[in-house]
Amino acid sequence: MRAGLLHLALLLLFSYPAMVFAQHEADGRVVKMHQKALAYYHASAYEDALKETEKALKADPLFIESWLLLGDIHALKGNRPDAITAYSRAIRLNPDFFPPAFYILANLQFAEGRYEDCITAYETYLRYPTVKPAEAARAEKNMKTARFRMHALANPVPFEPLNLGPEINTEGYEFVNYISADGEQLYFTRRTPKGIKRDEDFFVSTRVNDSVWGPARELGPPVNTEGDEGAICISPDGQFLFFAACDRPDGYGSCDIYFCRREGDRWSEPRNTGPEINTSYWESQPAFAPDGRTLYFVSNRPGGHGGSDIWISWLQPDGRWSQAVNAGPVINTAEAERGPFIHPDGQTLYFSSKGHPGMGEGDIFMSRKDEAGNWSAPVNLGYPVNTSADEVTLVVDQQGRYAYISSAMEGGSGMQDIYRFRLPEAARPLAVTYMKGIVTDSISGSRLGAGFILSDLENGKEVVKSRSNPVTGEFLVSIPAGRMYALNVEKQGYLFYSVHFFIGDKAGIEEPYLRDVLLKPLQKDEVTVLRNIFFETDSARLLPSSMVELERLLQFLQQNPALSVEISGHTDSTGSEAHNLDLSRRRAKAVYDYLTAQGINENRLSYRGYGATRPVAGNETVEGRAANRRTEFKITGVDGDD
């Protein structure tokens, strides 16, 4: 309990001196000493009150009122051990004299880390019939926290923090923000004194080897300015950058969230994310999910659960953001939640909380989202990752092996340093790898900025939606392991590209999935393979996993109404020629029927089966036969052709 609340509790007690003094037969001299001490106490002359109280207790050690007053004086002076001693003495003299003494004592013991003692005192207090609801709620919360801390201290997690060294850490503050998907670059915020004004900017360092980082360099304009920027976040594909800035002319409140897009090797001019995210209140600490459209951030706006909450907004197809929604009561509490970091697996959220049971002022927690979008109960990362200090910022690398944390632990270079440590197994995210490549024009070889969508073939859900760099054509996307994926790449004026692949459970950053993409310009007789069309064995019945590709093909034809196409079916050489021709024709017709049923004019479509007459690989191997079993479409006409 805070000193002010102690003071209030005892003012209530000492407002009734007739009741107090009736509890013990003290001689008049002791009573006068106590009354004099009480007068000093009410006048906030605590040193004089302390001297008079000690004189009264020396004259009469059984005078409960003076023990209670002594406890209050020591608590107000920040001397908790002596306050605990004084309150304990009063309770031993008469437990029922002033029941709130148990509550005050328990709060002092809790603050001193005497967890078993505080639980006993809370439990005793809660048995009294006059307990106030607010005090009962606080007692229950503190007992839960005390039990957690006792267990955490008795069962520490492995924790061997490595200071990242003088190339990154200075005598000022370094706050870790982001590590790139390939693990090569670390982004952080540095706060250093500059004159009478703090200067806060973004820096980036490149890895030299497993444990050594190169000299940090300023991110520079247009992101860094003469003002303060903080809480940088970069999308896993490296194409978007988000950060918080305060008191800008285009701002909506005290601090707003801004974003930039990568243009070649530079960042675009920052833009405010708009009123769907920013309000007249404080918004900061953005975290962008690997799906390319989900933004987590922190705000103290009304409508939340506590002082600051984690909120979520989604990027819409038209480039606007959805109205932000609260992450909900599983994540947010009546106190402050801060520093969200969504791992590249898209499901594991790390954040700081003052409201969930923890070790100190703020602890780092982990929660995982299921397929229905529900968050699991947050799990504390444990002691000594979390301490009695305030832990706020933590990021985890792509593989989930290492975490990077900002801490003021002893032995550092300055006020806050960045450390790396091996993440305990129980706190690790799902296995993730990444796919990278370059999109180019198949004829000219020029680099292309193209949109790409990565979908889960099992459930048809989009996992990532993003674009390649408009200048370099490069793309990088994080991929949760253990799934079968469909990749579709598209750009206006080109045939879309599709492929499917499986990422095993043991995927890792050492063996990323590499794929360069060649896009074919829209012109007559160009052919593309629909690699994500699947049929039942020896049948023309489309499998549900084909829907991702069929919908992409439908959208492509709707967006290009001038095109006419032929859908063709192909088989391997297994079976008779007649059977293969018939099967391939029926499979091509199944795709044709889907498209016409969805409104594509049949005059734009034709279908044909070629059987095994047009192989693209040898039929001697399993892989070759699989490549030959395919569905294609060919441009047969472009409106306006001669």
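In the predicted model, Cys-260 is buried, with a relative accessibility of 1%. The closest cysteine sulfur to that of Cys-260 belongs to Cys-233 and lies 12 Å away, which is too far for a bond, given that a disulfide requires sulfur atoms within 2.5 Å. By this criterion, the count of disulfides comes to one.

The disulfide links Cys-246 with Cys-255, at an S to S distance of 1.8 Å. The torsion about this S-S bond is about 90°, and the disulfide is therefore right-handed. The two partners are assigned to separate accessibility classes: Cys-246 is partly exposed, at a relative accessible area of 35%, whereas Cys-255 is buried, at 9%.

A further cysteine, Cys-118, has a relative accessibility of 0% and is likewise classed as buried. Helix 7 spans residues 100-111 and helix 8 spans residues 115-126; their axes come within 8 Å and cross at roughly 160°. Angles over 145 degrees count as roughly antiparallel, so this description applies to helix 7 and helix 8. The crossing of the two helices is left-handed.

By residue class, the contact of helix 7 with helix 8 comprises ten nonpolar residues, three polar residues and one charged residue.

Technical notes:
Residues are numbered from 1 along each chain as its sequence is written. This is a predicted model: local features need pLDDT of at least 70, side-chain atom pairs count only at pLDDT 80 or more; totals for chains, interfaces and linings use all residues. Side-chain values use heavy atoms; hydrogens and water are left out. Axes are lines fitted to C-alpha atoms, for helices over the stretch in contact, and angles run from 0 to 180 degrees between N-to-C directions. Helices (H or I, at least four residues) and strands (E, at least two) are DSSP runs, numbered from the N terminus. Angles under 35 degrees count as roughly parallel, over 145 as roughly antiparallel, 65 to 115 as roughly perpendicular and the rest as oblique. A crossing is left-handed if the near helix is turned anticlockwise from the far one by less than a right angle, and right-handed if clockwise. Ala, Val, Leu, Ile, Met, Phe, Trp, Tyr, Cys and Pro count as nonpolar, Asp, Glu, Lys and Arg as charged, and the others, Gly among them, as polar. Buried means under 20% relative accessible area, exposed over 50%, partly exposed in between (1.4 Å probe, protein chains only).
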